[in-house]
Amino acid sequence: MAIERSAAKRPNWSSGFAFIMATLGCAVGLGNIWRFPYVMGRNGGAVFLLMYILLTVFICSIPLLCELLLGKQMRRGVIRSYEKINQKFSIFGWLCFITSIFIPCFYFVVGGWTINYIFIYLFNQMPTDQAAYFAEFAARPCLPLLFGIAFLILCAAFPFRGVNKGIEKANNIIMPIFIVMLILLAAVGLFLPNSIEGLKFMFAPDFSKFNFTTILTALGQALFTLSVGMGCLVTYGSYLKKDNDIIKSSGLLILGNTIIAVLAGIMIFPAVFSFNLEPSAGAGLVFITLPKVFSAIPFGNVFGLMFFILLFFAALTSGISLLEVSIAAILEKFKISRKMATVIMSSIILVFMIPAALSFGPLSGYKIFNMTFFDAMDFTASNILLPLNTIILCFVVGWVLKPKMELLTNNEKFYNVFNFLLKFIVPPVLILLMLFGLGIV
């Protein structure tokens with residue numbers, strides 16, 4: 001008979017390194033490698049990067065700390081953590097649970113695209129017209145879905161094996177390889193002709209491009225890349241040992257995540273400027289623009305293969321963490337085994353992945369509020385669920401849970417600043433972001 005894990009029997013990360021690698025794997029995903037460069041390209045380059053760093057440190061670090069604190073203190077997944085504070089707050093946990101299903105439905109489709117491109121470069125079969133190839137591939141009725149299913153199965157294999165044998169082991173191996181590959185590819189970009197223009201675009205701010213949209217877009221990107229509002233950090237925080245320092249851990253997570261995002265920009269923008277391509281190319285920057293670069297440089301096929309393996313690793317570690325949110329939640333809530341919970345959640349996500357995967361082909365004519373299924377899922381998660389979950393988190397932790405100072409820090413000044421930002425600054429800023437995302441302001 002399946003027995004619910006009690007808090008005492010709950011698995012723990014085996015070391016501080018394992019936790020940092022897991023949370024970095026959780027935060028570092030397609031948001032850093034796929035989304036960050038094109039959003040930065042569309043929003044002024046260096047100005048956007050500056051705002052991204054400032055907002056990460058002074059705004060997004062607060063809900064990040066709240067998620068880790070909630071998980072560590074409650075020793076539960078998202079649903080049971082909110083229930084433990086107040087039974088009426090169960091709905092807030094279910095909102096995080098729903099978010100952790102919504103995001104994989106379109107995120108895993110993109111993960112499937114990375115598998116396809118790995119095979120393309122592995123067998124040296126990239127066509128000369130990259131834009132036409134991407135459009136033709138995405139519109140196919142079966143292949144994108146099959147690759148998406150393959151990606152889902154790969155993600156599910158690790159939580160299926162457990163926290164230590166599966167999730168921890170995967171991140172301990174994948175993340176160091178990922179970081180080495182990212183540094184190598186970033187170094188390659190620096191030796192391309194005219195790469196200095198790409199660095200100027202990234203690091204020399206042009207404040208004439210600064211506007212209100214830049215701030216809100218940078219804030220939304222920071223929340224997305226740190227995986228705040230998804231329940232991932234609550235779940236991973238619940239596997240912390242009592243003596244783990246969450247201030248130090250969150251600082252290392254923010255630093256590592258920011259460095260990786262910057263390295264991703266260094267990897268991409270010097271190459272884009274070197275070949276006079278458009279830095280604001282949008283979502284196609286990775287799947288259309290960069291293959292043009294790889295086709296024009298020596299050993300481009302090798303570097304293309306490395307890049308899409310890198311992108312796959314980023315998607316995989318984040319995909320694992322997203323699955324773990326819903327798996328941990330239902331195995332605790334309904335007292336079922338981890339393996340059964342993994343199968344159930346993977347099956348549910350698969351059902352909703354199908355319309356997302358077919359959004360560029362057979363179902364492209366079907367719209368929800370003038371958006372494809374893929375875009376509607378992305379919009380709902382990014383502009384409604386993520387900011388809403390984060391606002392609720394700040395309210396519950398700041399005004400209801402009211403964590404004692406010793407649970408967070410021994411520094412009274414830091415604690416007072418944290419509380420002030422948590423109660424009076426972060427929620428209004430997040431509400432503004434949500435209204436902006438909905439087109440209300």
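Colleague: How does the lining of the second largest pocket divide by class?

Modeller: In this predicted model, the lining of the second largest pocket has 10 nonpolar, three polar and no charged residues. Nonpolar here covers Ala, Val, Leu, Ile, Met, Phe, Trp, Tyr, Cys and Pro, charged covers Asp, Glu, Lys and Arg, and the others, Gly among them, are polar.

Colleague: What do the numbering and the confidence limits look like?

Modeller: Residues are numbered from 1 along each chain as its sequence is written, and side-chain values use heavy atoms, with hydrogens and water left out. Local features need pLDDT of at least 70 and side-chain atom pairs count only at pLDDT 80 or more, while totals for chains, interfaces and linings use all residues.

Colleague: Back to that pocket: what is its volume, and which residues lie nearest its centre?

Modeller: The second largest pocket has a volume of about 210 Å³, the space filled by probe spheres set on grid points joined across faces, edges and corners. Of its 13 lining residues, Val57, Ser61, Ile62, Leu65 and Phe414 lie nearest the centre. On a 1 Å grid over the protein atoms alone, a pocket is an open set of points with protein on both sides within 12 Å along at least five of seven lines, a cavity is a set where a 1.4 Å probe fits but cannot get out, and lining residues have an atom within 4 Å of a point.

Colleague: And which elements give two or more residues to the lining of the second largest pocket?

Modeller: Those elements are α3 (46-74), α12 (246-274) and α18, and the largest share, five residues, comes from α3. Helices are DSSP runs (H or I, at least four residues; strands are E, at least two), numbered from the N terminus.

Colleague: What about the largest pocket, which residues are closest to its centre?

Modeller: The largest pocket has a volume of about 750 Å³. It is lined by 30 residues, and the closest to its centre are Arg35, Tyr38, Val39, Asp378 and Asn383. By class, the lining of the largest pocket divides into 18 nonpolar, eight polar and four charged residues.

Colleague: Which element supplies the largest share of that lining?

Modeller: That is α16, which gives eight residues to the lining of the largest pocket. At least two residues each come from α2 (30-42), α10 (212-225), α13 (284-294), α16 (373-401) and α18 (412-437).

Colleague: Changing topic, how many aromatic pairs does the structure hold?

Modeller: The structure holds 37 aromatic pairs. Rings of Phe, Tyr and Trp (its six-membered ring) pair if their centres lie within 6.5 Å, and planes under 30 degrees apart count as stacked, over 60 as edge-to-face and the rest as tilted. One of them joins Trp13 and Tyr236, whose ring centres are 5.1 Å apart with planes at 75 degrees, so that pair is edge-to-face. Trp13 lies in the segment before α1 (16-27) and Tyr236 in helix α11 (residues 232-237), so the pair ties together parts that are 223 residues apart in sequence.

Colleague: Is Trp13 buried or exposed, and what about Tyr236, buried or exposed?

Modeller: Trp13 counts as buried because its relative accessibility is 2%, and Tyr236, at 0%, counts as buried. Buried means under 20% relative accessible area, exposed means over 50%, and partly exposed is in between (1.4 Å probe, protein chains only).

Colleague: And how do Phe212 and Phe436 pair?

Modeller: Phe212 and Phe436 are edge-to-face, 6.3 Å centre to centre with 90 degrees between the planes. Phe212 sits in helix α10 and Phe436 in helix α18, so this pair ties together parts that are 224 residues apart in sequence. Phe212 counts as partly exposed at 42% relative accessibility, and Phe436 counts as partly exposed at 24%.

Colleague: Which residues of helix α4 are buried?

Modeller: In helix α4 (residues 78-85), the buried residues are Val78, Ile79, Ser81, Tyr82 and Glu83.
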